[in-house]
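Subject: Structure for you to look at

Hi,

Here is the structure I promised to pass on, with the sequence alongside. My notes on what turned up follow below it.

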Amino acid sequence: SAKRLRLQGIKFRLRSDAESILDIKLKKNKLQIPLLRLDGFISSIFLNCVAFEQFYTESTNDITSYVVFMGCLLNDQEDATFLNNDKRIIENYFGNENEVSQFFKTICKDVVFDTRRSYLRNVFEGVNEYTSKTYNGVWAGFRHTHFESPWTALSSFAVVFVILLTMTQAAYAIRSYYHDTE
């Protein structure tokens, strides 16, 4: 989900230079997704295209790949809120954020999907490769916990400063103790 990927260090960006909504890219740890204007019309297009691609096996599975990818990202209401309000990747004219995540869950249910035939194969593999490295997850979790907002960053610096002062005080106390005993 978008929330889990964000905690693993994947950053989400709106891709403004995309030619279509299908033009998703992954560069290092930045997932660039074009704007999706989600309304009743585009939802019926998604439903019909996925049904066609599932029925007609000789067609590409591009729409199915996109819908499955977005279904993976939009696992719950919090993910839809993040991509809608925080990142402006989704313009929601469909309903509330819970309905958006439920739509993608419903449309992806019982869909036959093979990532090896997907045009998003490199994106899926890149995300899996990046998140499988333990270092990326630990570092992203640390940054998220201590530097997400200016106030958490300031309090983290204050704690480090107090610890350094305490260590300095202890060093001077030890030094003066040994200096006095000589």
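R116 is exposed, at 61% relative accessible area, where exposed means over 50%, buried under 20% and partly exposed anything in between (1.4 Å probe, protein chains only). The side chain of R116 meets that of D114 in a salt bridge, with N and O 3.2 Å apart; the term stands for a side-chain nitrogen of Lys or Arg within 4 Å of a carboxyl oxygen of Asp or Glu. D114 is partly exposed, with 24% relative accessibility.

Before you read on, please note that this is a predicted model, in which local features need pLDDT of at least 70 and side-chain atom pairs count only at pLDDT 80 or more, while totals for chains, interfaces and linings use all residues. Residues are numbered from 1 along each chain as its sequence is written, and side-chain values use heavy atoms, with hydrogens and water left out.

Back to the charges: the structure has eight salt bridges. Another one joins E125 to R121, with the closest N and O atoms 3.0 Å apart. These two are four residues apart in helix α6, so about one helical turn separates them. (Helices are DSSP runs of H or I with at least four residues, strands are runs of E with at least two, and both are numbered from the N terminus.) Both partners are partly exposed, E125 at 39% and R121 at 36%. There is also a network of salt bridges linking R15, D17, D23 and K25; within it, D23 and K25 meet at 3.6 Å, N to O.

Next, the sheet. Three strands form an open sheet in the order β1-β3-β2, with mixed pairing; strands count as paired if DSSP finds at least two bridges between them. β1 (11–15) and β2 (25–27) are at the edges with a single partner strand each, so one side of each has no neighbour in the sheet. β1 and β3 run parallel, joined by five bridges, and R13 stands opposite Q32 in β3. β2 and β3 (residues 30–34) are antiparallel, with three bridges, and L26 has L31 as its bridge partner in β3. Four of the five residues of β3 are buried.

What does the largest nonpolar core hold? It has 37 residues, and F12, F46, F69 and F104 have the most contacts inside it. Such a core is a set of buried Ala, Val, Leu, Ile, Met, Phe, Trp, Tyr and Cys residues joined through side-chain atoms within 4.5 Å. The largest share of this core, seven residues, comes from α3.

On the surface, V159, V160, I163, L164 and M167 form a nonpolar patch with about 470 Å² of accessible area together. Patch residues have over 30% relative accessible area and no salt bridge, with like charges joined within 9 Å and nonpolar side chains (Val, Leu, Ile, Met, Phe, Trp, Tyr) within 5 Å; areas come from the Shrake-Rupley method with a 1.4 Å probe, and for residues only the protein chains shown count as cover. V160 belongs to helix α8 (residues 150–181) and is partly exposed at 47%.

Last, some backbone angles. Most residues other than glycine have a negative phi. R88, in the loop between α4 and β5 (90–92), has a positive phi near 60°. D110, in the loop between α5 and α6, also has a positive phi near 60°.

Best wishes
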